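Thanks, everyone. I'll talk through the charged side chains in this one, and then a few backbone details.

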Amino acid sequence: MNSGTELILSYFPNLSENQIAQFEKLQELYEDWNSKINVISRKDMDKFYVHHVLHSLGIAKVMAFQPGTKVLDIGTGGGFPGVPLAILFPDTHFHLVDSIGKKISVVKDVAKQLKLTNVEAQQARAEELVRKYDFVISRAVTQMVNFYPWVKGKIKKEDFNEFQNGILYLKGGDVDEEMEALDKSYVVYHLEDYFKEEFFQTKKVVYMPWEDKR
């Protein structure tokens, strides 16, 4: 078992053998793709499990998705946070979208190699989508004031998870100023409360319940 998988297991000890094998395989898949196209910053590859996998799983420390939950990952890039979360929650459906086709090619291949039947990858702009979801997730693709309109009309009314349906957004730095510009209710979870690595000292999950469910 590689050290990255051991790190994931230290925070998520109840993984099945299949999930452990999937997390184990992630790095080689992304290293292979990274040698062809720049999916992840080259200098970041040696910190792959902390900066990308565990960071994505920060959402899971805040919110455990119930089976049958539908999640939209906007601006997924090479598949973060959607792919690690899809491994962790095999009974939750993840729709990963990005406007850049070659990144979606990576996601499709990774999902296929890992046999992730709960991942759907699509090249699309968020505002073009018409389906509705329980949660929208993202890893700081833009300022929340820009992101919020993309989500409009995409959140289901009926809640069946522990949290009310809404947005779960991975963000670094000072979020309050940015969030105040929106004038909506939100909760900030500090990932340093869940993970001891130095990288997480400035990292947060912003949860925003969706109030406008028209």
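This is a predicted model: local features need pLDDT of at least 70, side-chain atom pairs count only at pLDDT 80 or more; totals for chains, interfaces and linings use all residues.

Let me start with the salt bridges. How many salt bridges does a search of the whole structure find? The count is 4, and I will go through some of them.

Take Arg-131 and Glu-120. Their side chains form a salt bridge, with N to O at 2.7 Å. Glu-120 sits in strand 3, while Arg-131 is in the loop that runs between strand 3 (119-123) and strand 4 (135-139), so the pair ties together parts that lie 11 residues apart in sequence.

Next is Lys-36 with Asp-32. This is a salt bridge whose closest N and O atoms are 3.2 Å apart. Asp-32 is partly exposed, with a relative accessible area of 39%.

Then there is Glu-178 with Lys-171, again a salt bridge, at 3.2 Å from N to O. Are these two residues buried or exposed? Glu-178 counts as buried, at 10% relative accessibility. Lys-171 is buried as well, with a relative accessible area of 13%. The cut-off for buried is under 20%, so both residues fall within that class.

Now the charge without a partner. Asp-44 is in the loop between helix 2 (17-34) and helix 3 (48-62). Asp-44 is buried, yet it has no salt bridge. Which side chain of opposite charge is nearest to Asp-44? That is Lys-43, at 6.0 Å. A salt bridge here requires nitrogen and oxygen within 4 Å, so Lys-43 does not qualify as a partner for Asp-44. What the side chain of Asp-44 does have is a polar contact with the side chain of His-52, at 2.9 Å.

Asp-183 lies in the loop between helix 7 (176-180) and strand 6 (187-190). Asp-183 is exposed, with a relative accessible area of 68%.

Asp-183 also takes us to the backbone. Phi of Asp-183 is positive, about 60°, although this residue is not a glycine.

Where is the other residue I want to mention, Lys-115? Lys-115 is in the loop between helix 5 (101-113) and strand 3. Phi of Lys-115 is near 55°, which is a positive value in a residue other than glycine. Lys-115 is exposed, with a relative accessible area of 68%.

Phe-80 and Pro-81 are joined by a cis peptide bond, with omega at about 10°. Pro-81 belongs to the loop between strand 1 (70-74) and helix 4 (82-88).

To recap two items: Asp-44 is buried and has no salt bridge, but its side chain makes a polar contact with that of His-52.

Notes: Residues are numbered from 1 along each chain as its sequence is written. Side-chain values use heavy atoms; hydrogens and water are left out. Helices (H or I, at least four residues) and strands (E, at least two) are DSSP runs, numbered from the N terminus. Buried means under 20% relative accessible area, exposed over 50%, partly exposed in between (1.4 Å probe, protein chains only). Lys and Arg count as positive and Asp and Glu as negative; His and the chain ends are not counted. A polar contact is a pair of N or O atoms within 3.5 Å; within protein, one must be able to donate a hydrogen and the other to accept it, and residues adjacent in sequence count only if both atoms are side-chain atoms.
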